[in-house]
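Thanks for asking me to look this one over. Here are my notes, in numbered points, to read alongside the model.

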Amino acid sequence: MERRTLGATGLDVGAVGLGCMPMSWAYSASQQRGDRSLGAVHAALDAGVTLLDTADMYGPFTNELLLGRVLKERRAEAFVATKCGLLVGDGHIVANGRPSYVRRACDASLRRLQTDVIDLYQLHRADPEVPVEETWGAMAELVTAGKVRALGWCAVGVRGSRRGTADLYGGTIRLLERVQQVFPVSAVQAELSVWSPEALARLLPWCAARGVGFLAAMPLGNGFLTGTLTPGGGFEPEDLRARHPRFTAEMMAANQPIVAGLRRVAERHGGAAAGVTPAQVALAWALAQGRHVVPVPGTKRGRWAVENARAARLALTARDLAEIAALPPARGSWD
C-alpha cells in the first residue's frame, strides 16, 4: 500500500487506516462480535493497513482491550492511535483535561493495548474547565517520558450550522494555534467525506500549510456512501444513525443522488467486474484532497476492511473529481 507521512516528525503510515470504533461502540451492538472484529483487524494489517485508530472511551475500554490482543502478536506492523479526554458515565459523556487524569489515562491505555508506546496520542475533546495548554503540556510530558511518540487533536463531532460553514472549524483552529505554542501537533482528526466536505474550507488548508497530517474521520459518511444501506431499513436503538438527521428514511432517499454519482464513477473504472465500489471511490476522493490526508474508515468486518484498503490503488481522474464536486450537497441538517 502507498505510504503517507503524518506531521513534521515523519510518522509513516499506510494511506488508508482502520477505524476500530464500530467494533465496540456506536454501531449495531448486536453485530459486535470479538472474533469477527479480531479477524477484521488482522485482515486490515494483511492488506497493508498500518494505522489503527481507537480511544479509551470506545466500549468504554473494550476497544483498546480488543486491539491489545492483536498488538500482542503484531505490534511491529501497526501504528497505534488512541485518544483521551472523554469519560463515559451513565447516559452521558464529559470532558476531562486535567493533567493528572491524562497521565493515568495514558498508563491505562498502554496496559490495555499491551504495548509500551502509543504512536499517536490524541486529545478527544478539550475540557472547557481546564486551560488547553495545561492538558496539552501533560500530553507533551508523555512524549518526553517515551510513552507516546506524537500528539494529535481530534475535532470529530464539531457541529455548526450547515448553512454557513466557512467558520465551522474556526474555534478548533484557534485552539490548535494555542497548543502549537506548547508542543507540535502531528495530526488532526476531523470528519471529511463527499457528503461532509466542510473541513476543506479552512481546517485542511491549515494542516497542509503547517505540515500537519489530517486523519479523515467518517470518510464513508457513517456507511451511507457505501451504497449498501436501504432507506427505511432502520437501525438498532443504540446505533448513532438512529438519531442522525441524515438517516431518516426521507433523507436517505433524498440523498441517493450522491451514491448514484459515486456509483457512476466506479462503473467508469470497471465497477463490480473490476472490484471497484462506490465506497472505494469515496475513499479515493478523500485521498485526492492532499498527500497529508489519511482516511480512517471504520468497520468490524474483514471483507470491508480489505475493500477499503484497496481504495488506495484507485486513482481518480480530473473528470471524476469534477463530477463528484458537482454532486448535490447532502440534505438533513444537524441544527
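1. A word on naming before anything else: helices (H or I, at least four residues) and strands (E, at least two) are DSSP runs, numbered from the N terminus. Ala 260, for instance, sits in helix 8. With a relative accessible area under 20% a residue is called buried, over 50% exposed, and in between partly exposed (1.4 Å probe, protein chains only). Ala 260 has 30% relative accessibility, so it counts as partly exposed. Its C-alpha atom is separated by 27 Å from that of Met 21, a residue 239 places away along the chain.

2. Please keep the ground rules in mind. This is a predicted model, in which local features need pLDDT of at least 70 and side-chain atom pairs count only at pLDDT 80 or more, while totals for chains, interfaces and linings use all residues. Residues are numbered from 1 along each chain as its sequence is written, and side-chain values use heavy atoms, with hydrogens and water left out.

3. On confidence, the chain averages a pLDDT (the predictor's confidence in each residue, from 0 to 100) of 92, and 93% of the residues score at least 70. Residues 158–164 fall below 50. Beyond near neighbours in sequence, that stretch still has 16 contacts in the model, a contact being heavy atoms within 4.5 Å.

4. How do helix 8 and helix 11 pack? Helix 8 (residues 256–268) and helix 11 (residues 318–325) meet at an angle of about 170 degrees, and their axes are 10 Å apart. The axes are lines fitted to C-alpha atoms, for helices over the stretch in contact, and angles run from 0 to 180 degrees between N-to-C directions. Helix 8 is therefore roughly antiparallel to helix 11; angles under 35 degrees count as roughly parallel, over 145 as roughly antiparallel, 65 to 115 as roughly perpendicular and the rest as oblique. Helix 8 contributes Leu 262, Val 265 and Arg 268 to the contact, and helix 11 contributes Arg 319, Asp 320, Glu 323 and Ile 324. By class this gives 3 nonpolar, no polar and 4 charged residues, where Ala, Val, Leu, Ile, Met, Phe, Trp, Tyr, Cys and Pro count as nonpolar, Asp, Glu, Lys and Arg as charged, and the others, Gly among them, as polar.

5. The interior deserves a look. A nonpolar core here is a set of buried Ala, Val, Leu, Ile, Met, Phe, Trp, Tyr and Cys residues joined through side-chain atoms within 4.5 Å. The largest has 82 residues, of which Leu 52, Tyr 121, Trp 153 and Phe 214 touch the most other members. Another core, of 12 residues, lies apart from the largest one, and Leu 51, Leu 120, Ala 187 and Val 296 are among its residues.

6. Gly 152 belongs to strand 9 (residues 148–154). Its relative accessible area is 0%, so Gly 152 is buried. Leaving aside neighbours within four places in sequence, its contacts include Tyr 121, Trp 136 and Met 139. Thr 82 is 70 residues away in sequence, and 9.3 Å away in space, C-alpha to C-alpha.

7. Next, helix 10 (residues 302–309), whose buried residues are Gly 302, Ala 305, Glu 307, Asn 308 and Ala 309. Their cover includes strand 3 (18–19), helix 1 (34–46) and helix 9 (278–287). Trp 304, also found in helix 10, is partly exposed at 27% relative accessible area. In helix 9, Ala 284 is buried at 3% and is in contact with Ala 311, Leu 314 and Leu 316, leaving aside neighbours within four places in sequence.

8. Finally, some backbone points to check. Most residues other than glycine have a negative phi, and most peptide bonds are trans. Gly 59 and Pro 60 are joined by a cis peptide bond, with omega about 0 degrees; Pro 60 lies in the loop between strand 4 (51–53) and helix 2 (62–74). Gln 114 has a positive phi, near 55 degrees, and lies in the loop between helix 3 (99–113) and strand 8 (118–123). Asn 222 also has a positive phi, of about 55 degrees. Buried or partly exposed: which is Gln 114, and which is Asn 222? Gln 114 is partly exposed at 39%, whereas Asn 222 is buried at 6%.
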